[in-house]
Amino acid sequence: GRGVCLCGNIGSPFSKHVLDLKPPDTVVLEISSFQLESTVRFKPHVGVWLNYSQNHLDRHKDAQEYFDAKARLFANQDGQDTAVLGDQPELKEMAGHLKSHVVFFNDSAPKDIENPNYLAALAAARALGIADEVSRKVFAEFKGVEHRQEWVRVLDGVEYINDSKSTTPEAGRWALTHLKKPMVMICGGSDKHLDFSPLKDLVKARVKKMVVIGQTAELLRATFADVIPVEVCGSLPEAVETARRAAKTGDCVVLSPMCASFDMFNDYEHRGRVFKEIVNKLA
């Protein structure tokens, strides 16, 4: 029942919409560390930080600088505002220095909701005075978002999954943890100077073969080749064909790059669309 504007780093700039907003409207704004590092007076009524892991170390000098940029989301909040946080130690330590009302969304989780994204949304909605019943109705009707573990098709008994939004190792961990079929995984992209080695045990347990492309292909091969078969390919079409040959009935082929896309594509959405076009043309 409210006017809502969804914008920011998700694809449509805030500046495009700001003159059209009416006072009762709610703006849902996704903000990157790149944007936050130069903010001065930005003051969200509800700020949400889902989780913390290394990212964008090609831009930030180290992990602490990246963390500090993200933390600027809450810098100007006061007691009338809310910070919705995951329960990681780094975020709990930061919470002790905030002036806003802090909610750890895992601590107040209903027993029947396990998805952390849903829990964060529920906590943010509560802070805006939206009843849980409304949030639950939305969750029940939600069909998922393109490029996020998106089912594409089944061919020869093999499922093809587009998870192009996976642009960090931690996003790859989510796919590895939640997709239950034996997996042939297509990975790689532009290099953000991230460490993939914490995933070695999980990759060994879940992945039959990894097919790697892009700037990080050799890094990924060097990281995982001692625990699973890894094959380097020169393009996404070649990678899909290689993955297809490696997959058997009951498996899934998953594009979950764990890297940004800018070495070969305009963005992760372009990468995901190209993957789907390739897969849908397979005979």
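Predicted model: local features only at pLDDT ≥ 70, side-chain atom pairs only at ≥ 80, totals over all residues.
The lining of the second largest pocket divides into 6 nonpolar, 4 polar and 1 charged residues.

**Second largest pocket**
- The lining is made up of G8, N9, P13, F14, L29, E30, I31, Q35, L36, T39 and F42.
- Two elements, β2 (26–30) and α2 (33–36), each supply at least two of the lining residues.

**Largest cavity**
- Rolling a probe the size of a water molecule over the atoms shows where empty space is left.
- The count comes to 1 cavity of 30 Å³ or more.
- About 30 Å³ of space lies in the largest cavity.
- Its lining consists of F105, S108, A109, P110, L119, L122, A123 and R126.
- By type, the lining of the largest cavity has 6 nonpolar residues, 1 polar and 1 charged.

**Residue H147**
- H147 sits in the loop between α6 (132–141) and β6 (150–155).
- Is H147 buried or exposed? H147 counts as buried because its relative accessibility is 1%, and buried means under 20%.
- The side chains of H147 and E146 make a polar contact (3.5 Å).
- Leaving out residues up to four places away in sequence, H147 touches N162, D163, S164, K165, Y268, E269, G272, R273 and K276.

Definitions and conventions
Residues numbered from 1 in each chain as written. Heavy atoms only, no water. 1 Å grid on protein atoms, 1.4 Å probe; cavity = no way out; pocket = protein on both sides within 12 Å on 5 of 7 lines; lining within 4 Å. Points joined across faces, edges and corners; volume = space filled by probe spheres on them. Nonpolar A, V, L, I, M, F, W, Y, C, P; charged D, E, K, R; others polar. Helix = DSSP H or I, 4+ residues; strand = E, 2+ residues; numbered from the N terminus. Buried < 20%, exposed > 50% of the residue type's maximum accessible area, 1.4 Å probe, protein only. Polar contact = N/O pair within 3.5 Å; in protein donor to acceptor, adjacent residues only side chain to side chain. Contact = heavy atoms within 4.5 Å.
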